Amino acid sequence: MLTAHSDPKVIVALDFDDEAAANELIAKLDPKACRLKIGKEMFTYYGPDWVKKVVALGFDVFLDLKFHDIPNTVAKAVKAAASLGVWMVNVHASGGPEMMKAAVKALNESGENRPLLTAVTVLTSMDQSQLDSVLGNREINEQVKRLALLTQECGLDGIVCSAQEAITLREIVNEKFLLVTPGIRPAGSEKGDQVRVATPASAIQSGVDYLVIGRPITQALDPLSSLKQINASIEHLTKI
Ligand SMILES: O=C(O)c1cc(=O)[nH]c(=O)n1[C@@H]1O[C@H](COP(=O)(O)O)[C@@H](O)[C@H]1O
């Protein structure tokens with residue numbers, strides 16, 4: 001039996017180039033045990049109709065297209081995303097306050113089943129030297145804090161950040177402001193291109209709301225068992 005409760009913390013990142021492989025995994029999963037994330041790769045291959053099919057199976061779907069464009073374009077894009085019935089959509093916080101406010105306004109006008117809106121702060125694949133090459137001398141924690149506060153001021157529901165920043169962020173954002181963290185690696189698993197990583201348990205202990213986990217589950221020999229182990233490792237730490 002899967003560890004299952006009404007507010008699953010794990011969001012499984014479906015990063016596949018093959019619809020059949022993704023569907024095979026989804027068929028093994030239970031909406032009570034995990035949420036699902038559909039990102040740029042699968043959306044580009046399989047499109048909105050496939051997203052709607054996954055939503056129709058009863059899963060909360062995070063449509064991770066990380067919009068980053070002028071306010072008018074992003075407002076229309078999040079409205080389009082909301083029409084698919086997804087649970088969460090995201091933008092890049094570095095698109096700025098006008099872009100984020102336009103996205104919030106568009107979603108507020110999109111009706112009752114408004115998806116949650118989060119903003120990516122600093123990608124979990126970036127280390128200090130990569131950030132320096134983009135922004136010059138700005139410390140990662142400072143940049144994440146700055147974008148977190150900006151995102152909150154603009155009225156979004158939360159941010160995407162690394163769990164390594166969560167303790168500091170929890171001290172400065174509202175209690176209900178969501179912290180969604182990719183870069184989650186159970187002990188012993190490959191980091192791949194992720195740099196700012198944390199284990200599922202340490203992320204939850206740091207005050208994270210949702211864990212985005214792709215390869216440690218999708219590339220495991222037994223994905224279901226991997227998800228089960230992760231859920232078991234955090235079950236005692238979460239409010240059910
Ligand atoms: O917005 C995201 O979901 C995201 C933001 C970020 O900073 N880092 C990050 O890895 N992601 C996504 O989270 C997933 C992580 O996958 P794994 O590294 O395989 O666990 C990928 O689908 C990324 O696109």
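I began with Lys-66, which is partly exposed because 17 other C-beta atoms lie within 10 Å of its own; by the cut-offs I used, a residue is buried with 20 or more other C-beta atoms within 10 Å, exposed with 12 or fewer, and partly exposed in between, the C-beta atoms being placed from the backbone. The model is predicted, and local features need pLDDT of at least 70, side-chain atom pairs count only at pLDDT 80 or more, while totals for chains, interfaces and linings use all residues. Residues are numbered from 1 along each chain as its sequence is written.

Lys-66 is found in strand 3, where helices (H or I, at least four residues) and strands (E, at least two) are DSSP runs numbered from the N terminus. I noted that the phi of Lys-66 is near 45 degrees, a positive value in a residue other than glycine. Most residues other than glycine have a negative phi.

I then looked up the record: UniProt, in an unreviewed entry, places the feature "active site" at Asp-64, Lys-66 and Asp-69. UniProt positions are given in the numbering used here, feature names are shortened, and annotations may be inferred rather than shown by experiment.

Asp-64 is also in strand 3, and it counts as buried because it has 25 C-beta neighbours inside 10 Å. Leaving aside neighbours within four places in sequence, Asp-64 is in contact (C-beta atoms, placed from the backbone, within 7 Å) with Lys-37, Ile-38, Gly-39 and Asn-90. Asp-69 sits in the loop between strand 3 and helix 3 (71–82) and is partly exposed, since 14 other C-beta atoms lie within 10 Å. With residues up to four places away in sequence not counted, Asp-69 touches Val-74 and Gly-95.

Next I turned to the ligand, which 19 residues surround, the closest being Ala-13, Leu-123, Pro-182, Gly-214 and Arg-215; a residue counts as near a molecule or strand if its C-beta atom, placed from the backbone, lies within 6 Å of it. Strand 3 (61–67) and strand 8 (210–213) each supply at least two residues of this shell. I sorted the shell into seven nonpolar, eight polar and four charged residues, with Ala, Val, Leu, Ile, Met, Phe, Trp, Tyr, Cys and Pro counted as nonpolar, Asp, Glu, Lys and Arg as charged, and the others, Gly among them, as polar.

For strand 2 (residues 35–38), I found both faces covered: Arg-35 and Lys-37 on one side and Leu-36 and Ile-38 on the other are all buried. Strand 1 (residues 10–14) runs parallel to strand 2 and is joined to it by four bridges, pairing being called when DSSP finds at least two bridges between two strands. The bridge partner of Val-12 in strand 2 is Leu-36.

I also checked the largest nonpolar core, in which Ile-11, Val-12, Val-78 and Ala-103 touch the most other members among 69 residues; such a core is a set of buried Ala, Val, Leu, Ile, Met, Phe, Trp, Tyr and Cys residues joined through C-beta atoms within 7 Å. Helix 4 (residues 97–108) gives the largest share of this core, six residues. Not counting residues up to four places away in sequence, Ile-11 touches Cys-34, Arg-35, Leu-36, Lys-37, Phe-62, Tyr-210, Leu-211 and Val-212.

Last, I looked at Ala-81 in helix 3, which is buried because 25 other C-beta atoms lie within 10 Å.

Definitions and conventions. Contact = placed C-beta atoms within 7 Å.
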